[in-house]
2 protein chains.
Amino acid sequence: MTASIRKVAIVGGTHGNELTGIYLVKKFQQFPELLHRSSFECETLLANPQAIALNRRYIDRDLNRCFATEDLANLELTGYEDLLAKEIANRLGDKDRPKFDVIIDLHSTTSNMGLTILPSSRQPFNFRMAAYLTTLHPDVRVACGVRCSQDDPMLRTLSLLGCTIEVGAIAQGILDVALFQKTEMLVHEILDYIERLNLGKPLATPSSLTVYQSISSVDYPRNPSGELQAMIHPQLQFKDYAPLHPGDPMFLTFTGETIIYRGEDTVFPMFINEAAYYEKGIAMTLTKREQMGIATA
Amino acid sequence: MTASIRKVAIVGGTHGNELTGIYLVKKFQQFPELLHRSSFECETLLANPQAIALNRRYIDRDLNRCFATEDLANLELTGYEDLLAKEIANRLGDKDRPKFDVIIDLHSTTSNMGLTILPSSRQPFNFRMAAYLTTLHPDVRVACGVRCSQDDPMLRTLSLLGCTIEVGAIAQGILDVALFQKTEMLVHEILDYIERLNLGKPLATPSSLTVYQSISSVDYPRNPSGELQAMIHPQLQFKDYAPLHPGDPMFLTFTGETIIYRGEDTVFPMFINEAAYYEKGIAMTLTKREQMGIATA
């Protein structure tokens with residue numbers, strides 16, 4: 001990064017039943033001075049107002065899958081979230097004409113993912129910022145989607161820089177003060193990191209970072225009609241980021257049979273038992289754990 | 001109880017996003033022999049099919065508040081759940097003409113309520129059965145609604161005998177194998193208890209039972225527009241059934257102020273931070289803890 005960061009967007013309510021980000025953004029809207037830093041502007045957005053009002057993830061379609069460039073350009077997509085995504089892209093800027101340098105999108109999950117940073121792209125800034133956060137909180141984890149690029153359909157990809165903050169385990173539709181406070185803390189630390197970078201006094205980052213790189217997802221065992229046949233195995237439930245070795249239990253069927261992991265390599269599952277992913281056919285995402293070198297800014 | 005029990009109904013999916021009961025009932029429907037006992041018939045019901053299909057608590061209105069006698073008789077109530085309640089009352093029998101002797105309704109909660117039995121009425125059978133379960137599992141708790149009678153609007157009140165089984169903490173829309181198995185175990189133990197009673201060889205019950213008797217509910221602090229101003233205090237979150245003493249922290253506002261419990265007596269909150277109760281204006285239900293003598297059958 002040579003150019004400085006001038007505009008940052010903090011987004012909540014991309015999913016209308018993830019209250020942590022929604023109430024944190026409402027707090028920031030009530031007390032905008034909390035976001036004030038000397039070297040850049042910060043704006044907030046509650047992304048999906050109708051879903052928030054109904055306390056649902058979405059109305060017609062998952063908003064956080066509506067930001068593929070081709071979908072934003074497709075005028076035939078006219079569902080509530082399709083139109084909303086176009087409106088948000090207009091406000092935050094299209095991928096090729098961003099109006100914000102950094103977007104931070106606040107999410108929560110029923111998976112036991114603690115504090116996870118999902119970078120918007122593979123830009124070095126994103127990994128340096130995440131690496132900085134791990135120096136403050138060794139329990140912060142950094143996970144990349146398979147592509148981890150602006151080709152992804154998530155809201156965060158409207159800018160190259162930034163991330164999703166994913167906290168859990170927490171049920172949809174509730175606030176947990178511990179996760180609320182930790183999310184708030186991470187937002188402030190990100191803003192402070194940007195401030196110091198802008199001021200030419202960058203905060204120290206470690207020389208390497210552990211990254212959980214998504215490889216693939218695994219669906220629940222289902223019958224031919226698509227009905228669930230098994231649950232996450234008790235030895236795997238709430239064990240996001242723990243190693244899953246070949247032969248380890250993965251699912252337990254309703255009739256009590258264990259289904260093991262048949263892969264050849266040890267993997268590190270995340271998004272284990274995320275409520276919103278049952279309908280997407282995802283019981284968990286498998287990642288490999290990698291060490292990444294971090295160059296100084 | 002002098003008359004024997006001839007028909008038992010096991011109900012799941014009264015709330016369409018509480019998967020534990022839904023998938024347990026589906027399992028029983030696939031393997032009906034699991035419910036077979038020599039002295040009575042057992043039927044199953046998935047109560048709210050549309051809500052189950054959409055993975056929502058309800059479509060128009062909480063089905064588990066539609067069984068007040070006056071509402072069942074009110075032909076002007078024609079929402080989806082209003083009509084569904086009339087259909088279910090027709091199948092399971094009206095309160096004054098029950099077709100089932102015992103109804104067991106399977107629920108889950110985002111509150112940390114472990115395994116809770118909510119009796120359908122104050123009939124001695126219900127408390128004896130619950131007391132029996134506490135001898136098998138000291139962590140089973142028994143909680144009564146304010147009235148705990150057939151005047152309540154819950155589905156379970158279609159019969160005098162029976163209960164709701166409420167398990168948690170679990171997010172809406174997910175299965176947790178541990179809670180699934182514990183719910184299944186409780187259902188079997190209830191059926192076994194009934195079987196032995198019918199056969200004239202009742203299982204031994206303790207002479208007293210701890211009951212958490214609901215007194216009142218407490219809403220979240222809100223501003224005049226109804227917006228939440230605080231979260232459950234971290235010292236209270238997940239502490240269902242623990243004593244709350246006068247002066248103990250109850251809520252933490254978004255700006256960090258602690259709001260204390262100002263009652264005069266120690267109480268034992270339950271349904272702390274239940275997702276579905278935000279809209280009902282219930283942050284928790286306060287109970288008093290009582291010892292109840294149990295007469296032998």
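This is a predicted model: local features need pLDDT of at least 70, side-chain atom pairs count only at pLDDT 80 or more; totals for chains, interfaces and linings use all residues.
Student: In what order do the eight strands of the open sheet of chain A lie, and which are the edge strands?
Tutor: The pairing in this sheet is mixed, and the order is β2-β1-β5-β8-β6-β7-β9-β13 in chain A. Neighbouring strands are turned by 25 degrees against each other on average, with direction ignored. Strands that pair on one side only are the edges, and in chain A these are β2 (41–46) and β13 (284–293).

Student: What is the bridge partner of A:Ser217 in β13(A)?
Tutor: Strand β9 of chain A, residues 208–218, runs antiparallel to β13(A), and 10 bridges join the two. Within β13(A), the residue that partners A:Ser217 is A:Thr285.

Student: Which residue of β11(A) stands opposite A:Ile232?
Tutor: An open sheet of three strands in chain A has the order β10-β11-β12 with antiparallel pairing, and its edge strands, each pairing on one side only, are β10 and β12 (258–260). The twist averages 35 degrees from one strand to the next. Three bridges join β10(A) to β11 (residues 249–253) of chain A, and the residue standing opposite A:Ile232 is A:Phe251.

Student: Which residues of α4(A) are buried?
Tutor: Helix α4 of chain A, residues 80–92, has 13 residues and reaches 18 Å from its first C-alpha to its last, close to the 18 Å expected at 1.5 Å a residue. The cover over its buried residues includes β1 (7–12), α3 (69–73), β3 (93–94) and β5 (102–108) of chain A. An α-helix has 3.6 residues a turn, so residues three or four places apart point the same way. The buried residues of α4(A) are A:Glu81, A:Leu84, A:Ala85, A:Lys86, A:Ile88, A:Ala89 and A:Leu92.

Student: Why is A:Arg91 classed as partly exposed, rather than buried or exposed?
Tutor: A:Arg91 lies in helix α4 of chain A. A residue is buried if 20 or more other C-beta atoms lie within 10 Å of its own, and exposed if 12 or fewer do. A:Arg91 falls in between and is therefore partly exposed, because the number of other C-beta atoms within 10 Å is 14.

Student: Which element supplies the largest share of the side of chain A that touches chain B?
Tutor: The contact takes 23 residues from chain A and 23 residues from chain B, and those on the side of chain A divide into 15 nonpolar, six polar and two charged. At least two residues of that side come from each of α1 (19–30), α6 (177–198) and β10 (230–232) of chain A. The largest share, three residues, comes from α6(A).

Key:
Residues are numbered from 1 along each chain as its sequence is written. Chains are lettered from A and ligands numbered from 1 in the order in which they are written. Helices (H or I, at least four residues) and strands (E, at least two) are DSSP runs, numbered from the N terminus. The expected span of a helix is 1.5 Å times one less than its number of residues. Two residues are in contact if their C-beta atoms, placed from the backbone, lie within 7 Å. Ala, Val, Leu, Ile, Met, Phe, Trp, Tyr, Cys and Pro count as nonpolar, Asp, Glu, Lys and Arg as charged, and the others, Gly among them, as polar. Two strands pair if DSSP finds at least two bridges between them. Axes are lines fitted to C-alpha atoms, for helices over the stretch in contact, and angles run from 0 to 180 degrees between N-to-C directions.
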